[in-house]
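The sequence and the model are shown first.

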Amino acid sequence: MNPDWLDHARRAVPRYTSYPTAADFTAAAGEAEAAAWAASAPRGEPLSVYLHIPFCETLCWYCGCATSVPNGYARVGAYAARLQQEADLWARAVGEHGGIGHLHFGGGSPNALRADDFAALVARLKSGFGLRGDAEIAVELDPRTMHDGQVEAFAAAGVTRVSLGVQTLAPAVQAAVNRIQPPDMVAGLVADLRRAGIGAINMDLMYGLPHQTTEDVAAAARFAAEQGAARISVFGYAHVPWFAKHQKAIDDAALPDLPDRLEQAGVAADVLKAAGYRPIGLDHYARASDPLAVAASEGRLRRNFQGYTDDPCETLIGMGATSISQFREGFVQNCKDRKIWGEAVAAGRLPVERGIALTPDDRLRARAIEQLMCALEVDANAVCSEMGAPEGCLEDALARTRALQPAGLCTVDGSVVRVPDSARLFLRTVAQCFDARTSAAPEQRHAKAV
């Protein structure tokens, strides 16, 4: 490990699933902007839809997502009914489009929904928006809380891809994060999904969890590869107890230190690459035949609020409390408070509470950041030309990247910035050089780089 990297690893940096990031959203952009931007979606162009299901039957202490334990199904069912109403609101607001190309259920745990409510939601979206024949329908699942009939309901609704939260297989680590999940449970669900015809299976792993060792991470990576996962993500645990209050249940003293985290991420990469997976961007791996790997090899890889994707859609409608929508003109976020969100929907209003309108400089920097995050390199002057900006508009960013060269985090050749494979974990650190807004965001709004 390069000792010069430790100071950089301690820095708090955004994940850059958008630029500007959600930390820059304000009440200056709200329902009126959301309605206008949705109406301006280009005629005939496909769009993406994301539905947030903010419920889990049990709470994992590492989680930083907007979720809660419903203690019964009444709250979940009521929320699902409101989601159908919100879908109708957006369907009326959006311009004439080409139907849904990508539909993603995230959480929380979307399998908190009963099979009939899930089917009803998909049916409502199909009737309100239309679903393209080649659409991907993806669902995030918690293997611990699958119920009878759910796999069959997913298959009947046309689900094409699922993401399983595996995280770790080590019993001591599972106990420390309140997520007991034997390997046989995951393997059994994989078999059930494949029997139902859902063959595209992703797995999410984590490093940096309490009591986790390098061998624990390697074992989880080997398991995911042996199960034939199409895509595998390897996320570093972000310890932000000031933001995610339930993380206070995790013993700080049990967390691996920075050198251990770097080693854990490295061994996961070694195991997966040896198993034939291609590294994708910051923290994803994919089989060579998977559409994500194909998109990366062809220069079509994108990054949005769901992470790395082959989804080319420029319009993404987020539904549910806290969800974020993306338009060419800017971003908007739904109300975080579920009660306020539900009241807005019931009143027939788009439940948006904040957002941001994009400036030409935002678009320029967003393009540069996305290229760097996806391809590990970017030609700043070429981006200026592509975006209609004068050459040299990103010179401030290039100056900051040059300062990272001595540590080996990147190389700068004229206007071309490259991140070596060995420094892949520091992609966000290099991308931050192109961020003109980051200095205004409080340090604690973001997790550490590694």
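In helix 14 (residues 395-402), the buried residues are Ala 397, Leu 398 and Thr 401. Because they cover an arc of only 100° around the axis, they lie on the same side of helix 14; the arc is that of the directions from the helix axis to the C-beta atoms. An α-helix has 3.6 residues a turn, so residues three or four places apart point the same way. The cover over the buried residues of helix 14 includes helix 12 (360-375), helix 13 (380-386), strand 16 (411-413), strand 17 (416-418) and helix 15 (427-431).

The model is predicted: local features need pLDDT of at least 70, side-chain atom pairs count only at pLDDT 80 or more, and totals for chains, interfaces and linings use all residues. Residues are numbered from 1 along each chain as its sequence is written, and side-chain values use heavy atoms, with hydrogens and water left out.

Some terms need their cut-offs. Buried means under 20% relative accessible area, exposed over 50%, and partly exposed in between (1.4 Å probe, protein chains only). Helices (H or I, at least four residues) and strands (E, at least two) are DSSP runs, numbered from the N terminus. Contact means heavy atoms within 4.5 Å.

## Cysteines

The structure holds zero disulfides, a disulfide being a pair of cysteine sulfur atoms within 2.5 Å.

| Cysteine | Nearest cysteine sulfur | Distance |
|---|---|---|
| Cys 60 | Cys 56 | 6.6 Å |
| Cys 313 | Cys 374 | 15 Å |

Cys 60 is buried, at 6% relative accessible area, and Cys 313 is also buried, at 12% relative accessibility.

## Aromatic rings

Nine aromatic pairs are found in the whole structure. Rings of Phe, Tyr and Trp (its six-membered ring) pair if their centres lie within 6.5 Å; planes under 30 degrees apart count as stacked, over 60 as edge-to-face and the rest as tilted. The pair of Tyr 79 and Trp 341 is tilted, because the planes are at 35°, with the centres 4.7 Å apart. Tyr 79 lies in helix 3 (residues 74-93) and Trp 341 in helix 11 (residues 338-346), so the pair ties together parts 262 residues apart in sequence. Tyr 79 is buried at 4% relative accessible area, and Trp 341 is buried at 2% relative accessibility.

Phe 105 and Phe 118 form a tilted pair, 4.6 Å centre to centre with 45° between the planes. Both Phe 105 and Phe 118 are buried.
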